[in-house]
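Q: Please take a close look at the aromatic cluster in this structure. Then show me what else its side chains do.

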Amino acid sequence: METIQNEGSLPPLDPTLAPVLLFDYAGGAGGGEASDGRLLYSIPTRRSLLARGARRFIDDVNWVTPQGWVLTLDPATRDASLMDPFTSRKVSLPPDTDSIVAGSGSTRCFLSTPTPADEGCVVLAVHLTDPVLCYCHPGGSRWFRHEYRPEDVDADGAVGAMALLTGAGAGRFHTYLSTPTNKLATLELLPEPVLTTTRVVNRPCSTGCCYIKYWKLESCGELFMVRFCYSRLSDKRVSRVEVQRLDWSTSAWVKVTELGVNRVFFVRWGQFGASMAADELGLKGNCVYFTLNGDKGLYVYNMERGTTTLHNPGLDVPDSMEPLILMRVNPNMT
């Protein structure tokens with residue numbers, strides 16, 4: 001297996017490898033020099049690499065955002081920043097001096113805009129089990145804590161839905177509550193937190209689908225939903241992938257056959273959904289790349305053909321080990 005040696009306290013990863021699957025696994029090493037690394041699988045090059053010397057870099061990362069930036073929070077000093085994992089770029093955030101942001105295992109992190117330099121960018125950490133969110137502004141002086149009322153979204157599914165937010169512009173986020181609620185919830189954080197909901201029309205499940213998992217993402221100003229259909233024969237194997245776009249004029253989800261010009265989607269369940277320009281990554285457009293819970297595999301759904309291909313990121317990686325996806329920050333969005 002090829003090994004890349006990183007030097008320095010915050011070593012950049014090679015941008016030509018991005019996006020990558022990151023496994024907390026050092027190629028089966030039980031200790032010594034090899035264990036000071038993490039296994040990377042480069043999606044564009046289909047190469048498995050052992051990133052030696054990357055332990056501190058990986059361990060310092062707390063949250064990964066769909067825009068590629070990762071939020072780091074020093075547990076001792078509470079200093080916070082956004083970092084590009086493929087360069088040395090960092091954006092300072094206000095320190096969490098009041099320790100209001102919970103650990104990464106209890107929260108998910110989102111940006112409201114593609115880059116922290118955008119006007120109205122909000123960095124948001126949403127609690128996974130409590131109706132609590134914390135947010136700050138790049139260049140601001142403090143973090144804010146807000147406790148929302150679940151009944152303002154949906155009393156039964158509010159907390160789970162808020163953990164699936166999608167950035168939608170300056171200080172704005174969207175989330176969706178599926179059947180039977182069929183509500184689109186919008187969270188506005190500028191100037192003060194406000195939650196509103198709108199009824200939307202949902203398409204029924206496809207024939208043969210026992211249940212559906214879904215993830216939302218923003219792409220070129222549009223809101224999309226990727227639906228993973230499971231059959232009655234297996235609750236662990238995806239039988240079909242569908243993509244829908246929200247038609248704002250009719251407040252309805254509309255099935256699409258194309259992701260847009262030169263677009264490719266990435267979905268890591270429990271992490272995020274993201275849209276990128278295919279040619280910038282050296283990938284074929286109109287494809288959905290996704291990973292599954294309890295599965296090391298990388299799945300690629302071809303929208304044009306309607307077929308799914310499985311890529312094995314490494315023979316030595318345990319089949320049940322789930323990867324983290326690290327995206328490349330758009331080089332034009334600094």
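A: Tyr176, Tyr214 and Trp253 form one aromatic cluster. The model is predicted, so to speak of local features takes pLDDT of at least 70, and side-chain atom pairs count only at pLDDT 80 or more, while totals for chains, interfaces and linings use all residues. Residues are numbered from 1 along each chain as its sequence is written, and side-chain values use heavy atoms, with hydrogens and water left out.

The structure holds seven aromatic pairs. Rings of Phe, Tyr and Trp (its six-membered ring) pair if their centres lie within 6.5 Å; planes under 30 degrees apart are stacked, over 60 edge-to-face, and the rest tilted. Tyr176 and Tyr214 make an edge-to-face pair, because their ring centres are 5.8 Å apart and their planes stand at 70 degrees. This pair links distant parts of the chain. Tyr176 sits in strand E14 (residues 172-177) and Tyr214 in strand E17 (residues 209-219), 38 residues apart. Strands here are DSSP runs of at least two residues, numbered from the N terminus. Both Tyr176 and Tyr214 are buried. Buried means under 20% relative accessible area, exposed over 50%, and partly exposed in between (1.4 Å probe, protein chains only).

Next, the charged side chains. There are nine salt bridges, each a side-chain nitrogen of Lys or Arg within 4 Å of a carboxyl oxygen of Asp or Glu. One of them joins Arg227 and Glu242, at 3.2 Å from N to O. Arg227 lies in strand E18 (residues 222-231) and Glu242 in strand E19 (residues 238-247), so the bridge ties together parts 15 residues apart in sequence. Arg227 and Glu242 are buried. Arg89 and Asp84 meet at 2.7 Å, N to O. Arg89 counts as partly exposed, at 25% relative accessibility, whereas Asp84 is buried, at 2%. Arg149, Glu151 and Asp152 are linked in a network of salt bridges.

Last, the nonpolar cores. A core is a set of buried Ala, Val, Leu, Ile, Met, Phe, Trp, Tyr and Cys residues joined through side-chain atoms within 4.5 Å. The largest has 34 residues, and those with the most contacts inside it include Leu21, Ile43 and Phe266. Strand E2 (residues 20-23) gives the largest share of this core, four residues. Ile43 touches, among others, Leu17, Leu21, Phe266 and Tyr289, not counting residues up to four places away in sequence. Contact means heavy atoms within 4.5 Å.
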